[in-house]
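Here is a walk through the contacts between a protein and its DNA. Please keep the sequence and the coordinates open while reading.

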Amino acid sequence: MKHSEPSPSEISAPSLPSPLASSFYEPSAEVVAPKLLGHFLLRKTPRGWAGGEIVEAEAYLANDPACHGFRRETARNRSMYGPPGRAYVYFIYGNYFCFNAVCAPKGVAEAVLVRAIEPTFGEDWMRANRPVDEARELTSGPAKLCLALDITRPFDGVDLGDPRSGLVIAQNPNIKTFRKSRAPVVTTTRIGIGVAEHLPLRFYLGGSHFISKRARKL
DNA sequence: TAAGTGATGCAT
DNA sequence: TGCATCACTTAA
């Protein structure tokens, strides 16, 4: 045969599947987080949409001391108080960004931190942003995936349901199959926080090889 | 296991 | 204004 299998980059520019509607994010982050597992986090590139399936996520709640919006609205956490279905992107440890999907009605500060995705689309583009030896290192952590997808401050507050924003969460039409292949859904405690550590608000697909390093050893 | 990094937010 | 803290990553 004249051609080998297409490389990931050659099949990496999918037309955009339907973005999730804002109503998807209206319930509490505690409800939304596990439902997000298997759906696509996608970033627009010159050659199509890059990204992949969400495989690890944490919920941060309005009455939760670990939540950035627990105390009051500030310039930093403003997006969390906005309408559901927007991005909350924050800068941390002087080096990194983390990405959240805002949940709950406007005025209620809840969000889901996306901690890991599988690099299914646009792997070459992601590798250009974040050179690594192992594919498994590309997006297996909240700041890693922001580097790979070039998610930075300008994306704070954008509408995840509007493709024009360049950053969307889209419905995975094969989510049942995907989740089955990465079963089970594990529910456990969140990572890297110093308060409310006991709450079962982290969710991940135990069969995925792309969950974050700290999650793997726990 | 620890250092790096700088914005953030609360205390002064 | 000052300073401890921080939803992390990388190099050892």
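A backbone N or O atom of Ala 143 sits 2.7 Å from a phosphate oxygen of DNA strand C; such a polar contact is a pair of N or O atoms within 3.5 Å. The elements giving two or more residues to the surface near DNA strand C are strand 3 (87–92), strand 4 (96–103), strand 5 (110–117) and helix 4 (142–148). Helices (H or I, at least four residues) and strands (E, at least two) are DSSP runs numbered from the N terminus.

The model is predicted: local features need pLDDT of at least 70 and side-chain atom pairs pLDDT 80 or more, while totals for chains, interfaces and linings use all residues. Residues are numbered from 1 along each chain as its sequence is written, chains are lettered from A and ligands numbered from 1 in the order in which they are written, and side-chain values use heavy atoms, without hydrogens and water.

DNA strand C is surrounded by 21 residues, and the closest are His 68, Tyr 90, Asn 100, Arg 130 and Ala 143. A residue is near a strand if one of its heavy atoms lies within 4 Å of it. Sugar and phosphate make up 57% of the atoms of DNA strand C within 4 Å of the protein. The side chain of Arg 115 places an N or O atom 3.1 Å from a phosphate oxygen of DNA strand C.

For DNA strand B, 70% of the atoms within 4 Å of the protein belong to sugar or phosphate and the rest to bases. A side-chain N or O atom of Thr 74 is 2.7 Å from a phosphate oxygen of DNA strand B. A base oxygen of DNA strand B lies 2.8 Å from a backbone N or O atom of Tyr 93.

Definitions and conventions: Polar contact = N/O pair within 3.5 Å; in protein donor to acceptor, adjacent residues only side chain to side chain.
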